[in-house]
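Here is a short tour of one protein model, written for someone who likes cut-offs spelled out. Please keep the viewer open as you read.

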Amino acid sequence: MPAQREVDEAEIRQQIGKMVEGIRAKDLEGLRRFYATDVVSFDVEPPLQHVGIAAKLKNWTNAFTFFQEVDYEVRDLTLTVGDDLAFGHLFGRLSGTLKNGTATNGMWVRGTFCFRKIDGNWLIVHDQASVPFDISSGKGVTDLEP
């Protein structure tokens with residue numbers, strides 16, 4: 001019989017898979033169920049932090065407005081799971097067909113998530129997406145691949 005942490009890790013991995021499906025479907029209400037109401041997000045777009053589920057869903061709404069069809073890919077997902085807290089990191093890429101019909105490969109970002117078990121459900125309480133930057137120019141480097 002698997003240990004509870006193995007069960008929890010499998011559940012979180014399954015949730016991330018469902019999140020990817022929700023992103024591909026541009027399903028904001030489906031995505032809502034993966035986040036705590038007071039989630040804090042450090043996303044690639046300003047401001048420095050977005051607080052609360054409404055702010056997080058607004059980020060997804062903004063991203064989805066550019067796409068006719070959207071895809072999301074996850075690589076190298078690593079999780080560390082405790083009794084009621086877990087964190088993970090991955091590489092993620094949002095890509096697809098833009099509203100004007102142009103296909104885009106998007107860019108890879110570094111993603112970090114912190115989950116908390118709330119009422120028996122693993123919810124994201126913090127996430128961060130970032131790109132490296134060139135220190136000499138101060139500009140983000142968006143053409144790297146894992």
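Which residue in β6 is the bridge partner of Lys-117? That partner is Trp-122.

## Ground rules

This is a predicted model, in which local features need pLDDT of at least 70 and side-chain atom pairs count only at pLDDT 80 or more, while totals for chains, interfaces and linings use all residues. Residues are numbered from 1 along each chain as its sequence is written, and side-chain values use heavy atoms, with hydrogens and water left out.

## The sheet

Let's begin with the strands. An open sheet is built from 6 strands in the order β2-β1-β6-β5-β4-β3, with mixed pairing. At its edges stand β2 and β3, each with a single partner strand, so one side of each has no neighbour in the sheet. Strands (E, at least two residues) and helices (H or I, at least four) are DSSP runs numbered from the N terminus, and two strands pair if DSSP finds at least two bridges between them.

β1 (residues 35-42) has two partners to look at. With β6 (residues 121-130) β1 pairs in the parallel sense over 4 bridges, and here Phe-42 has Gln-128 as its bridge partner. With β2 (residues 50-51) β1 pairs in the antiparallel sense over 2 bridges, where Ser-41 stands opposite His-50. β5 and β6 are also antiparallel, over 9 bridges.

## Two aromatic spots

The structure holds 2 aromatic pairs. One of them, Trp-60 with Phe-64, is stacked, at 5.6 Å centre to centre and 25° between the planes. Rings of Phe, Tyr and Trp (its six-membered ring) pair if their centres lie within 6.5 Å; planes under 30 degrees apart count as stacked, over 60 as edge-to-face and the rest as tilted. Because Trp-60 and Phe-64 are 4 residues apart in helix α3 (residues 53-64), about one helical turn separates them. Both Trp-60 and Phe-64 are buried.

Next, find Trp-108 in strand β5. At 7% relative accessibility, Trp-108 counts as buried (under 20% relative accessible area, with exposed over 50% and partly exposed in between, using a 1.4 Å probe and protein chains only). Beyond its neighbours within four places in sequence, Trp-108 is in contact (heavy atoms within 4.5 Å) with residues including Glu-73, Phe-91, Val-131 and Leu-144. Glu-73 is 35 residues from Trp-108 in sequence, and their C-alpha atoms are 9.0 Å apart.

## The pockets

The largest pocket has a volume of about 710 Å³. On a 1 Å grid over the protein atoms alone, a pocket is an open set of points with protein on both sides within 12 Å along at least five of seven lines, and lining residues have an atom within 4 Å of a point. The volume is the space filled by probe spheres set on the points, which are joined across faces, edges and corners. Of the 33 lining residues, Asp-43, Val-44, Trp-60, Ala-63 and Leu-94 lie nearest the centre. The largest share, 7 residues, comes from β5. The lining divides into 20 nonpolar, 9 polar and 4 charged residues, where Ala, Val, Leu, Ile, Met, Phe, Trp, Tyr, Cys and Pro count as nonpolar, Asp, Glu, Lys and Arg as charged, and the others, Gly among them, as polar.

The second largest pocket has a volume of about 170 Å³. Its lining includes Phe-42 and Gln-128, and β6 gives the most, with 3 residues. That lining divides into 7 nonpolar, 2 polar and 2 charged residues.

Notes:
On a 1 Å grid over the protein atoms alone, a cavity is a set of points where a 1.4 Å probe fits but cannot get out, and a pocket is an open set with protein on both sides within 12 Å along at least five of seven lines; lining residues have an atom within 4 Å of a point.
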